[in-house]
Amino acid sequence: MEVNVENKFVVQNLNLFYKDVQALRSISMEIMKQQITALIGPSGCGKTTFLRVLNRMNDLIEGVRIDGTVLLDDQDIFGPDVDVVNLRKRVGMVFQRPNPFPMSVYDNVAYGPRIHGQKNKSQLDQIVEKSLRSAALWDEVSNRLFKSALGLSGGQQQRLCIARLLAVEPEVVLMDEPTSALDPLSTLKIEELLRDLKNHYTIVIVTHNMQQAARVSDSTAFFLNGDMVEFGPTETLFTRPKDQRTEDYITGRFG
Amino acid sequence: MNSNRLSNTVATVILWASGFFIVGLLVFFLAYILGQGFKVLSLDFVFGPASQGGVGPQLFNTFYILVLSLLYSVPIGVGAGIYLAEYAKPSRLTNLVRLSTECLATVPSIVLGLFGLIIFVNVLGLGFTILGGAAALALLNLPVLVRVTEEALRTVPHAHREGSLALGSTQWQTIRRVVLPSSILGLITGITLVSGRAIGEAAILVFTAGTSVSRHYPDFNPLVAGETLAVHLWYVRGEPLVANADAVAAGSAALLVLVVLFFNLAIGLPARIYQRRLRGSN
Amino acid sequence: MSNRQLNSQLAYDKLFRYIFIISAVMVSFVIFSIIIFVSKQGLQTFQDISFWEFHTGTIWNPPVQFGAVPFIVGSVSVTLLAIALGGPLGLAGAIFMAKVAPPWVREIMRPATDLFVGIPSVVYGWVGLTVFLPIISKYTSGPGFGLFLAGVILAIMILPTVISISEDALRAVPKSLEAGSYALGATRWQTIYRVLIPASLPGLVTALILGMARAIGETMAVAMVIGNSPQLAGSLFGPTATLTTEIILSMGQTPFGSPWNNALFYMAFTLLMISLSMILLIKFVVNRRLVNEQ
């Protein structure tokens, strides 16, 4: 397989303020295509805030101000001609707690294609099945597609949310601590899924679980108090960190 | 994609238009009512006796009946609210009380008026009285008071109660010294809300407090008939014999709205703002 | 603390517990008394009047004919008209307040809708008479009193009920569902009508039902503008009467215990049953469905 080392995101000198508080300080980093990039750090360090910059979910929060540039395929996502709805279609997000809509499994997965204009029933059927298979959920739900998604277990719900996202065919998948609310077995399933998905998607995952970052990611960024302290290949960062603070964090001295 | 953006824009425009229409409607109502009323309102009109074309006795009766009705309904309503917020465990009684409150809240006011008519006029034989009107009006206030009390008490964090109980307080001491003081503003706001509604109520009072006023003014006797301002506005509309019916109606309408505005702005709003500040600082 | 003090505290505790329980029971006692007294008085109607005639007759000419259909149809018509006009506007206002309006606009609208509740019903009636009546009269070249005017006034009166309950329902939808929809590239409107409205549907239906309950029980404003003619409205703009308006206008002219008077109590009983069944509908059908879905 061809190893792809192109940039997907290029972040330059990004600052983010929430009202008067600076939550992110001059972050610069490159996120590679078809790799898994993990963002780690203690809670409140800005890693989730940074993740939400990448598909402009912070736009929904009042009092957030951003400067700096974020290029997605060489285009500034804060540029005047960028349509935020279109951006989010390309850069989808999975949240900390599974958030299936209160409708059937099928309707959850078909939600994205439908809002983007897909009306053809057999096409929708195909998309739903394909997405559920990609999220390794098809075998478990194929016999209850038309029952409420709220009846699924937490782990199933989270994979449903992933399937729902894949149905939109995004280029980038952002994940905000996607396994923090799940049991170990479901966590394992989602980690396996991530390794499969990376062949087609660029994935950025926020996690407070360092083992998880070490297990699944190619690159890791360590955040602390709004600064990005260190960023590099996962293996290097976890075995030979350059910064003392990274060393302290990964050896469990705080956090 | 384009059609999505178009429908989003159209919907946004419609929603903004609805919002503006609703606020515009209110502004129009207030401007019209007060504008018409200010041509008529004078000290003589507001406080003067009926013989001089004033509505003083009606204004007096309005407040007198309001105060009496609160005397009936506040103890029971607040008591029931305290029961639901502090004592009630899931049980049949609790469900029944909750259902009763909701039912009572939707009973049309004319039905409450007829109930008052049966009890006070026919069973007790008192005729149309301020007392009977106030009691019937209390039924309108009651369910709202139960609800606002329960809501106000529920905003008090559970930890405060545990803190007090852990010091060996009885439940009543906890309620009196911890829960009620920290929810008192919510209660006041609730009572203002109830008062504003009760002041404008007419259907309940026509057949309980009647449509005539005492010859004395002010008359504190609760066993005489007492027409309120809202009932007066209703009454002059149907009586071509009343002199200047139009002016009296316009003046009464404006006065009613002013009283309600006063309740909302002078009592309700400061309490609400203060409460928000209190919560914000925590 | 001495033993005596402790005992007196415990006695107080017990005393107040009973006081609160009694207060709560009083509320139930009140609603049951209302049902019993009003039904007892109202059901005496059928000692003198045929049950069949009352419910199917269209001619109200007491003390000879007691066909109450015009009032029943009148009440139902003004209610449907009110909800048809006020329901969509109220829902749109609620969506606007909950999801579209910037905070400062919301800060204006919240107390504004509270003030709508504060305007007394007689004042609504009076504004209807002095402002809306001449307009309708001009455009229909009729007297202006009637079904349509009553429906318009009621539509305005039920706005605060519809707005506040449906706004609460919309706000109760977890933020995460909204975020989930935006993260799939949905527009705000798509998120509102495909996720928020379905998720808050029981609350929205409750808001509309309570709006209708308010409309059907409203008396003063309707009586001032509907024309009070005890006949079926010939047209949308024709004068008619409702259960509530007939009660308020005839109660004072009929001796207590007479068939006509009893019939008015039976109308009140009918209204009572309608509003109680609306509450039961909300509690046991609308909200039960919500529970089953989750």
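Hi everyone, let me start with the B–C interface: chain B and chain C bury about 7,100 Å² between them, with carbon and sulfur atoms giving 83% of that area. Please keep in mind that this is a predicted model.

Who takes part in that interface? On one side there are 76 residues of chain B, and they are in contact with 81 residues of chain C. How many salt bridges does the rule find across the interface of chain B and chain C? The rule finds one. That salt bridge joins B:Glu102 to C:Lys283, and the closest N and O atoms are 3.2 Å apart. Looking at the side of chain B that touches chain C, helix H1 of chain B, residues 2-38, gives the largest share, with 20 residues. By class, that side of chain B has 54 nonpolar, 18 polar and four charged residues. The rule also finds nine residue pairs in polar contact across the interface of chain B and chain C.

Now let's turn to chain A and chain C. Here 25 residues from chain A and 19 residues from chain C make up the contact. Together the two chains bury about 1,700 Å², and 68% of this is on carbon and sulfur atoms. Three residues to look for are A:Pro102, A:Tyr111 and A:Ile115, which supply 28% of the area that chain A buries against chain C, more than any other three residues. The count of salt bridges between chain A and chain C is zero, while the rule finds five residue pairs in polar contact across this interface. On the chain A side, helix H2 (84-90), strand E6 (91-94), H3 and helix H6 (154-166) each supply at least two residues. That side divides into 15 nonpolar, five polar and five charged residues.

Next, a look inside chain C.

One helix of chain C to find on your screen is H9, residues 188-199, where C:Gln190, C:Thr191, C:Ile192, C:Val195 and C:Leu196 are buried. What do the buried residues of H9 of chain C pack against? Their partners include helix H3 (105-115) of chain A, H1 of chain B, and helix H4 (69-100) of chain C.

Last stop: C:Pro62, in the loop between strand E1 (60-61) and strand E2 (65-66) of chain C. Is C:Pro62 buried or exposed? C:Pro62 counts as buried because its relative accessibility is 17%, under the 20% cut-off. Its C-alpha atom is separated by 13 Å from that of C:Pro255, 193 residues apart along the chain.

Definitions and conventions
Residues numbered from 1 in each chain as written. Chains lettered and ligands numbered in written order. Predicted model: local features only at pLDDT ≥ 70, side-chain atom pairs only at ≥ 80, totals over all residues. Heavy atoms only, no water. Contact = heavy atoms within 4.5 Å. Buried area = accessible area lost by both parts, 1.4 Å probe. Salt bridge = Lys/Arg side-chain N within 4 Å of Asp/Glu carboxyl O. Polar contact = N/O pair within 3.5 Å; in protein donor to acceptor, adjacent residues only side chain to side chain. Helix = DSSP H or I, 4+ residues; strand = E, 2+ residues; numbered from the N terminus. Nonpolar A, V, L, I, M, F, W, Y, C, P; charged D, E, K, R; others polar. Buried < 20%, exposed > 50% of the residue type's maximum accessible area, 1.4 Å probe, protein only.
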